[in-house]
Amino acid sequence: MGTPIFTPSRKGRRRNLRGIACLLTAICLLTAVGGAFAQEAAPPRLIRQPEPGRPVVIACVGDSLTEGTGSLKPEKESYPARLGRMLGKDYVVHNFGVGGATARQKTSRPYRGQAAFTESLACEPDAVIVMLGTNDTKREEWKNIDTFMLDYQELIAQYRELPSAPVVYIMTPTTLYEGWNSKKPWYGIRPEILDKILEGQLAFAEAEELPIIDAHTATAGNRDLVSSDGVHLYPSTNVLLAELVYTALTGEAPPTK
């Protein structure tokens, strides 16, 4: 599955969305699994600088892709954990990922019904990284794109309205692949529905002028980045995601070590 497909009547929007979505990935060219990058340009820094006694707080919101499922030690190998080490002591990075969570409300595990959501609101974040939508593609969780986008926008609005006034980053779900001994990803996750979700997320981000971290494009075209189930990420892929987020937050190339 490649980049999301837009209708012909939205050619102008498609060019704009691609420009925004590629802004964060354009500064880096992945040359090997694990992330070797070459700097070309840098997005502007949107969050405040750390201050003495006042670290920058980052809330990583999402499902199992954020939580770190697929790693033997998610507490060390998830992308939020990697990001925290890259950013250093002047930043506090929280992993609020919940396996199986959805952006939609009327599902078996809505993100806003989880304790992690309450905790993410209470941590007074300076930035919120939201990567949700993969579990919404399951037949039992899906209704239609309009219902999804309504709930998704309400979730984003709750973060944007926090007293800490965080910058909210839309992080697109990673690319799906065929699972082992299967022609589709495991767990009933449907790539064709994810295409619709990606289109909606990108259009929403453009309309609201929200920064995009394009994890979907960054993981496209390389089956080796994703585990045998076609969904979850290897630890080395979490390094790639952490590097993307690092650049989005700081406007700088990720550290080399």
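User: In which sense do strand β1 (residues 56-62) and β3 pair, and over how many bridges?

Analyst: Two strands pair if DSSP finds at least two bridges between them. Strands are DSSP runs of E, at least two residues; helices are runs of H or I, at least four; both are numbered from the N terminus. Here β1 and β3 pair in the parallel sense over 5 bridges. Gly62 stands opposite Met131 in β3. This is a predicted model: local features need pLDDT of at least 70, side-chain atom pairs count only at pLDDT 80 or more, and totals for chains, interfaces and linings use all residues. Residues are numbered from 1 along each chain as its sequence is written, and side-chain values use heavy atoms, without hydrogens and water.

User: What pairs with β3 besides that, and over how many bridges?

Analyst: Strand β4 (residues 167-171) pairs with β3 in the parallel sense over 4 bridges. Val128 stands opposite Val168 in β4. The chain goes from β3 through helix α6 (residues 145-160) to β4, a right-handed β-α-β crossover. Right-handed means that, with the strands pointing away from the viewer, the path from the first strand over the helix to the second runs clockwise.

User: Which way do the β3 side chains point?

Analyst: In a regular strand the side chains alternate between the two faces of the sheet. In β3, Ala127, Ile129 and Met131 point one way, Val128 and Val130 the other.

User: Why is β3 largely enclosed?

Analyst: Buried means under 20% relative accessible area (1.4 Å probe, protein chains only). Strand β3 (residues 127-131) has 5 of its 5 residues buried, so the rest of the structure largely encloses it. Across the chain, 53% of the 257 residues count as buried.

Terms used
Buried < 20%, exposed > 50% of the residue type's maximum accessible area, 1.4 Å probe, protein only.
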